[in-house]
Amino acid sequence: MPDKVETTLMLIAAGEFSMGILGNVFIGLVNWMGWIKNRKTTSIDLILTSLAVSRICLLCIILLDCFILVLYPDVYTAGKQMRIIDFFWTLTNHLSVWFATCLSIFYFLKIANFYHPLFLWMKWRIDSVIPRILLGCLALSVFISLVVTENFNDDFRCCVKTKKKANVTVRCRVNKAQYASIKICLNLLTLLPFSASLISFLLLILSLWRHNRQMKLSATGCRDFNIEAHVGAMKAVISFLLLFIAYCLAFLVATSSYFMPETELAVIIGELIALIYPSSHSFILILGSNKLRQASLTVLQKVKYILNRRNF
């Protein structure tokens with residue numbers, strides 16, 4: 001791949017990484033400062049902080065893998081080193097997905113209006129079990145990561161950099177039978193949290209439709225905060241679903257490209273698309289939360305004030 005194209009793609013990756021780190025660190029800092037100030041934290045803050053930390057780690061792993069492929073492709077020939085990277089990628093990937101699913105289910109239980117006994121029981125119990133659910137997600141992700149990386153042989157993925165005239169090319173090979181089974185397993189494992197988020201979204205739509213019908217019958221004409229809460233939760237959930245679909249497709253592009261003779265460009269493009277998911281969703285969550293939105297406006301006002309003082 002030409003050096004100019006390589007440099008451009010790496011700069012784009014660094015930019016996406018920086019934006020993602022900025023958004024997720026902001027979420028973590030705001031919630032941490034709130035915990036320090038009040039000596040307690042809410043369930044939603046705990047979920048958002050856990051999600052932000054997992055995505056910071058995921059962003060670091062994706063960018064590290066991208067830089068290794070371009071700058072140090074010989075590292076791919078070392079089975080032990082690649083096992084470590086693959087372990088942390090699998091761990092942070094599953095943690096991010098499961099924590100986002102917990103957020104979707106939390107929104108559904110807190111905002112939706114149903115009168116089924118099971119729903120009411122879950123709505124009543126959700127705040128007390130959130131810490132245990134998050135720990136369970138962590139334990140499950142660690143277990144999946146250990147199982148997946150244990151099944152990697154040292155020759156699972158091997159990349160060699162060759163030079164032809166002015167162009168440098170990375171050629172990769174994989175153990176196809178082993179690779180196919182692991183890839184299918186990873187994709188099937190993400191179907192469960194994705195399905196849970198999708199069901200939460202559909203039930204939120206149903207709850208909103210029923211609430212709208214009741215409001216039309218009563219015809220109060222007052223501002224309905226319940227509808228606003230429904231719409232805000234649905235925006236957060238649908239954005240996660242759409243971005244996660246794009247992330248999975250990018251992951252398939254990056255991993256399937258190892259079957260091709262020349263793979264560096266396809267892998268980097270796939271990872272650039274994959275970086276959009278943990279980077280952009282954090283800003284959607286900030287805009288959808290009154291607490292985080294107000295904190296961001298305060299920060300922007302202070303930055304604007306500092307810049308204006310320097311100009312004078």
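Helix H2 (43-71), helix H3 (79-111), helix H7 (225-256), helix H8 (264-288) and helix H9 (290-311) each contribute at least two residues to the lining of the largest pocket. Among these elements, H7 gives the most to that lining, with six residues. The structure described here is a predicted model, and the pocket itself has a computed volume of about 530 Å³. It is lined by 21 residues, of which Tyr-107, Gly-232, Gly-288, Ser-289 and Asn-290 are the closest to its centre. By class, the lining of the largest pocket divides into ten nonpolar, five polar and six charged residues.

The second largest pocket has a volume of about 270 Å³, and its lining draws at least two residues from each of helix H1 (3-38), H8 and H9. The largest share of this lining, five residues, is supplied by H9. The lining residues of the second largest pocket include Leu-22, Gly-23, Val-25 and Phe-26, together with Phe-283, Ile-286 and Leu-287. Also part of this lining are Arg-293, Ser-296, Leu-297, Val-299 and Leu-300. Sorted by class, the lining of the second largest pocket holds nine nonpolar, two polar and one charged residues.

| Pocket | Volume | Lining residues by class |
|---|---|---|
| Largest pocket | about 530 Å³ | ten nonpolar, five polar, six charged |
| Second largest pocket | about 270 Å³ | nine nonpolar, two polar, one charged |

Note on methods: Residues numbered from 1 in each chain as written. Predicted model: local features only at pLDDT ≥ 70, side-chain atom pairs only at ≥ 80, totals over all residues. Heavy atoms only, no water. 1 Å grid on protein atoms, 1.4 Å probe; cavity = no way out; pocket = protein on both sides within 12 Å on 5 of 7 lines; lining within 4 Å. Points joined across faces, edges and corners; volume = space filled by probe spheres on them. Helix = DSSP H or I, 4+ residues; strand = E, 2+ residues; numbered from the N terminus. Nonpolar A, V, L, I, M, F, W, Y, C, P; charged D, E, K, R; others polar.
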